[in-house]
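Subject: Structure for your review

Dear colleague,

Please find the structure below. I would be grateful if you would look through it before reading the notes that come after it.

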Amino acid sequence: MRLIALARSFCARPTLPETTGPLQFRCFQPDFAPRDPDAKPKKYKYPAFYDPYGPRPPPSDKIIQLAERIAALAPEERCQLGPTLGERLRLPKLQPISTEGLDLGSQGGPAGASKAEEKKVEKTAFDVKLEKFDTAAKIKVIKEVRTFTSLGLKEAKDLVEKVPCVLKQGVTKEEANDIIEKIKTAGGVAVME
C-alpha cells in the first residue's frame, strides 16, 4: 500500500522544466557559442583628458582679442578685474569659510600664524567630561545628566556607564562650571576640557 502511495506522489509532481521554466543558464541556450580562449581583450581609445561637457567650439575672435587685452594688462590692473566684474555682473559675494577647529598644519592661516598668537586666543566653548562617579550615587548622577541633556533615561544611563565620556559639548565657561558643581553634589567627578 505504501509503495503505491509513494509511486503516486512521484507521478503527481510536475517535471523539472515545468517547475523551473526555461533554463536560464547561458550554456543551455540553443544559440550559445563559447568564447575563444585565445582571443585578446578589446582595446579602447581613451581621450587624453576627460571633458564632461563634450567637445566645444573654438572661441570667437572677439573672445580671443579680449583675452589678449587682459593678458597685456599690468598685474595691479589684473587684480582689480575680478571684483569689478563681480560688481558689474551682480554676482553674490563669497562668504569667508571658517577654519576654526580645523588642523591646517604649518601652512594654515595667513603666513603661518605663530604659536604665541594662538595661545592668546581665549577658548569660548568648553566640553564637560564625566571622569568617574560613586557606584552608590549612580542613580543621582543619571538624574543630573538628564537635567542638562535632552536624553531619555536609557540613553542617560548608557552615557554614564561609558565613563569617562563627554556629557555636553560647546558650552560656556559659566555653564560648564555649573554642570560640574551639580555632578559633584550628585556624587560624580566631572572636568572641563
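This is a predicted model: local features need pLDDT of at least 70, side-chain atom pairs count only at pLDDT 80 or more; totals for chains, interfaces and linings use all residues.

Residues are numbered from 1 along each chain as its sequence is written, and side-chain values use heavy atoms, with hydrogens and water left out.

The chain contains eight helices and three strands; these are DSSP runs, numbered from the N terminus, with helices being H or I of at least four residues and strands E of at least two. Along the sequence their order is α-α-α-α-α-β-α-α-β-α-β. Of the 193 residues in the chain, 13% are buried (buried means under 20% relative accessible area, exposed over 50% and partly exposed in between, with a 1.4 Å probe and protein chains only).

Helix α8 spans residues 173-186. Its 14 residues reach 20 Å from the first C-alpha to the last, close to the 20 Å expected at 1.5 Å a residue (the expected span is 1.5 Å times one less than the number of residues). The buried residues of α8 are A176, I179, I180, I183 and A186. They lie on the same side of α8 because they cover an arc of only 125° around the axis, the arc being that of the directions from the helix axis to the C-beta atoms. E174, K184 and T185 are exposed on the face turned away from that buried side. The buried residues of α8 pack against β1 (126-133), α6 (138-148), β2 (165-171) and β3 (188-192). After α8 comes G187, with a positive phi near 115°.

In α7, the buried residues are A156, L159 and V160. They fall within an arc of 95° seen down the axis, so they line one face of α7. Their cover includes β1, α6 and β2.

The largest nonpolar core has 19 residues; such a core is a set of buried Ala, Val, Leu, Ile, Met, Phe, Trp, Tyr and Cys residues joined through side-chain atoms within 4.5 Å. V128, L130, V145, L167 and I183 touch the most other members. Two or more residues come from each of β1, α6, α7 (153-161), β2 and α8, and α8 gives the most, with five. Beyond its neighbours within four places in sequence, L130 has contacts (heavy atoms within 4.5 Å) that include V141, V160, L167 and I183.

Yours sincerely
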